[in-house]
There are 4 protein chains.
Amino acid sequence: MPHSPEEKKRVLTRVRRIRGQAEALERALEAGADCAPVLQQIAAIRGAVNGLMSEVMEAHLRETFGQPATSDTDRQARIAEMTGLLRSYLK
Amino acid sequence: MPHSPEEKKRVLTRVRRIRGQAEALERALEAGADCAPVLQQIAAIRGAVNGLMSEVMEAHLRETFGQPATSDTDRQARIAEMTGLLRSYLK
Amino acid sequence: MPHSPEEKKRVLTRVRRIRGQAEALERALEAGADCAPVLQQIAAIRGAVNGLMSEVMEAHLRETFGQPATSDTDRQARIAEMTGLLRSYLK
Amino acid sequence: MPHSPEEKKRVLTRVRRIRGQAEALERALEAGADCAPVLQQIAAIRGAVNGLMSEVMEAHLRETFGQPATSDTDRQARIAEMTGLLRSYLK
C-alpha cells in the first residue's frame, strides 16, 4: 500500500508536504503569528490531510477491484472490506 | 438505486426519518425553543444525513462490484465511476 | 432562539427547505431514481444542514456577546457556554 | 495568538505531535505498510488537526470576548470577526 511506484511516490509527496506545513506552522507560532494566518495554515493542513485520505482510499479501491475475483466468496469479501474502510474513514 | 427491495426500504426509512426530524425542528422553532436543544436537533439531522450518504454509497459499491466485469475495460470503467463518486461526496 | 423575528424567519425558511428536499428525495427513491442523482440530492441536503448549523451558531454568538456582560463572572460564563457549543457541534 | 504562555505551549505541543505523526507515516509508507494501518494513521492525523483547529478557535474566542468592549461599535466588530472565522474554518 500504495501499490504502484508512481502511487507510492505521489502519496509520499503528499505526506512530506504535510510535514513541511506542520514545520512552517510551528515556526509561525514560535514567532507569535496572529490568529487569522494561523487558522489559515491549519485549514490548509486539514485540506491536505483530507486529500491524502481520498488518494489512499482510491488507490486501495483500484487495488481491491482491479483484478478479477477468484470466486463469489472472494468478491463478497473484497466488497465487505472496502465498505468497512469507507464507513471507518470517510463521511 | 437502491437495488434490492430491502435496501430500498432501508433507505426510504432513513429519508422519512430525516423528514420527520425536520418537521419536529420546525415545530420547536415556531414554539421558540432555546438554542441548545435546537443545535442538538440540527446535529441529529446532520448525523442522519451522513448515515444516509454512507448507506447509499455502500449500496452502490455492492451493486457496482457485485457481479463479474465483462472485460478489463468494463472493470476500469466501474472503478473510475466509483472513485469519482467517492471524491465528490465523501471526505 | 433564534432571537430577532428576521433571524427566526431565516432559520425557519432553511428548515422548511430541508424538509422539502427530503420530500423530493423520497419521491425520487420511490420512482427508482439512479444512484448519481440520489447522491447529489443527499449532498444538497447535507450542505443545507451545515448551512443551518452555521446560521444558528452565529445567531447564538451575536445573542451571547451582543450585550455588555454584567460582571467578569458573567463574561467568563458566556465564553464557556459558547466554546462548549463550538466543541460539540462544529469541527 | 495564542495568547497566554500556557495556551501557546499547548498549541505548539499539538503541532509538534502532528509533525511527529507525519514523520511516522512517512516511515511506514517507505517500509511498504499495508493499507489498513496507513488509513488508521491518516485518520489519527486528521483527528489531531481538527483538535488543533478547535483549540485555536476557542483560544481566539476567549481572547476576543475576554475583555469588555470599548464601545458598541467595537463589540459589533468583534462579533463580525468571530462569525467570519467560524464560517471560514468550522462546519
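Visitor: Which side chain meets that of C:Glu23 in a salt bridge?

Guide: This is a predicted model, so local features are reported where the pLDDT is at least 70. In it, the side chain of C:Glu23 meets that of C:Arg19 in a salt bridge, with 3.3 Å from N to O. The two residues are 4 apart in helix H1 of chain C, which is about one turn of the helix.

Visitor: Is C:Glu23 buried, exposed or partly exposed, and what's the number?

Guide: C:Glu23 is partly exposed, because its relative accessible area is 24%.

Visitor: And C:Arg19, which residue of chain B does its side chain meet?

Guide: The side chain of C:Arg19 meets that of B:Glu26 in a salt bridge of 2.9 Å, N to O. C:Arg19 lies in helix H1 (residues 5-30) of chain C and B:Glu26 in helix H1 (residues 5-30) of chain B, so this pair joins two chains. B:Glu26 is buried, with a relative accessible area of 9%.

Visitor: How many salt bridges turn up over all chains?

Guide: A search of the whole structure gives 40 salt bridges over all chains. One that stays inside a chain is the pair C:Arg78 and C:Asp74, whose side chains meet at 3.0 Å, N to O. These two are 4 residues apart in helix H3 (residues 72-89) of chain C, so about one helical turn separates them. C:Arg78 is buried, with a relative accessible area of 17%.

Visitor: Which residues are joined into one network by salt bridges that share partners?

Guide: That network consists of A:Arg16, A:Arg19, A:Glu23, D:Glu26 and D:Glu30. As for D:Glu26 and A:Arg16, their side chains meet in a salt bridge of 2.8 Å, N to O.

Visitor: Going back to chain C, what is C:Thr64 in contact with, leaving aside its neighbours within four places in sequence?

Guide: With those neighbours left aside, C:Thr64 is in contact with C:Arg78, C:Glu81 and C:Met82. C:Thr64 itself sits in helix H2 (residues 35-65) of chain C and is buried, at a relative accessible area of 9%. Its side chain also reaches the backbone oxygen of C:His60 at 2.7 Å.

Visitor: Now the interface: how much area is buried between chain D and chain A?

Guide: About 3400 Å² is buried between chain D and chain A, and carbon and sulfur atoms give 73% of that area. In terms of residues, 36 of chain D are in contact with 36 of chain A.

Visitor: How many salt bridges and polar contacts go across?

Guide: Between chain D and chain A there are 6 salt bridges, and 12 residue pairs, both at pLDDT 80 or more, are in polar contact across the interface. On the side of chain D that touches chain A, helix H1 (5-30), helix H2 (35-65) and helix H3 (72-89) each supply at least two residues, and H2(D) gives the most, with 16 residues. The residues on that side divide into 24 nonpolar, 4 polar and 8 charged.

Visitor: What rotation superposes chain D on chain A?

Guide: A rotation of 180° does so, with 0.0 Å of shift along its axis and an RMSD of 0.0 Å, and that is the relation of a two-fold axis. In chain D, the C-alpha nearest the axis belongs to D:Arg19, at 2.7 Å from it. Both copies use the same surface, since 100% of the contact residues of chain D recur in chain A.

Terms used:
Residues are numbered from 1 along each chain as its sequence is written. Chains are lettered from A and ligands numbered from 1 in the order in which they are written. Side-chain values use heavy atoms; hydrogens and water are left out. Contact means heavy atoms within 4.5 Å. Buried area is the accessible area (1.4 Å probe) that two parts lose on being put together, summed over both. A salt bridge is a side-chain nitrogen of Lys or Arg within 4 Å of a carboxyl oxygen of Asp or Glu. A polar contact is a pair of N or O atoms within 3.5 Å; within protein, one must be able to donate a hydrogen and the other to accept it, and residues adjacent in sequence count only if both atoms are side-chain atoms. Ala, Val, Leu, Ile, Met, Phe, Trp, Tyr, Cys and Pro count as nonpolar, Asp, Glu, Lys and Arg as charged, and the others, Gly among them, as polar. Copies are superposed by least squares on the C-alpha atoms of residues with pLDDT of at least 70 in both. Buried means under 20% relative accessible area, exposed over 50%, partly exposed in between (1.4 Å probe, protein chains only).
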